Amino acid sequence: MDFYFLGDEELVTAFRFIGIEGMAVKDPGEAAAAFRRITEGESTDIILPDSAHRADNCQMLIMTEETADWLGNILIDWQISGRYPLIVEIPGINGRLQGRKTLVEAIREAIGIHI
């Protein structure tokens with residue numbers, strides 16, 4: 001399975017250490033351009049690094065919660081479509097965003113387990 005990462009520069013470096021390519025995004029515009037390039041192969045006016053072009057066969061796209069927030073409805077529409085890549089959100093370098101549930105919390109809520 002091919003993985004790719006979008007998020008903070010520090011986390012891009014960390015993911016490269018474990019063999020996962022990625023791209024640092026600094027604002028919503030860069031995030032949207034990179035996401036569209038990775039998921040739909042769209043070229044944009046924003047110049048993306050070569051690593052974004054190597055994500056064409058990506059099956060799982062890992063991104064920080066902040067990046068996911070920047071993508072907003074673009075990301076929601078993609079997730080509803082059921083197409084690949086699958087999206088996994090992780091906390092950024094500064095930790096979890098306030099108001100976000102962990103995956104375990106979401107699963108417990110979905111199946112009705114309250115502790």
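The model is predicted: local features need pLDDT of at least 70, side-chain atom pairs count only at pLDDT 80 or more, and totals for chains, interfaces and linings use all residues. Residues are numbered from 1 along each chain as its sequence is written, and side-chain values use heavy atoms, with hydrogens and water left out.

The secondary structure comprises six helices and four strands. Helices (H or I, at least four residues) and strands (E, at least two) are DSSP runs, numbered from the N terminus. Along the sequence the pattern reads β-α-β-α-α-β-α-α-β-α. Of the 115 residues, 35% are buried. Here buried means under 20% relative accessible area, exposed means over 50%, and partly exposed lies in between (1.4 Å probe, protein chains only). A contact requires heavy atoms within 4.5 Å. Among contacts between residues at least 6 apart in sequence, 64% join residues at least 24 apart.

Strand S1 is largely enclosed by the rest of the structure, because four of its five residues are buried. S1 pairs with S3 in the parallel sense over four bridges. Two strands pair if DSSP finds at least two bridges between them. S1 also runs parallel to strand S2 (residues 22-24), joined by three bridges. Leu6 has a bridge partner in each neighbor: Met63 in S3 and Met23 in S2. The loop between S1 and helix H1 (9-17) holds Asp8. Asp8 is buried, with a relative accessible area of 16%. Its C-alpha atom is separated by 7.6 Å from that of Thr64, 56 residues apart along the chain.

The largest nonpolar core has 17 residues. Such a core is a set of buried Ala, Val, Leu, Ile, Met, Phe, Trp, Tyr and Cys residues joined through side-chain atoms within 4.5 Å. Leu6, Phe35, Leu61 and Met63 have the most contacts inside this core. At least two core residues come from each of strand S1 (3-7), helix H2 (28-40), strand S3 (60-64), helix H4 (65-71) and helix H5 (73-81). H2 gives the most, with five residues. Phe35 touches Leu6, Glu40, Leu61, Met63, Leu71, Ile74, Leu75, Trp78 and Ile87, not counting residues up to four places away in sequence. A second, separate core has nine residues, including Phe15, Ala24, Ile62 and Ile90.

Ile111 lies in helix H6 (residues 103-111). Ile111 counts as exposed, at 60% relative accessibility.

The structure holds one salt bridge. The criterion is a side-chain nitrogen of Lys or Arg within 4 Å of a carboxyl oxygen of Asp or Glu. Arg16 forms the bridge with Glu21, and the closest N and O atoms are 3.8 Å apart. Arg16 is partly exposed, with a relative accessible area of 39%. Glu21 is partly exposed, with a relative accessible area of 32%.
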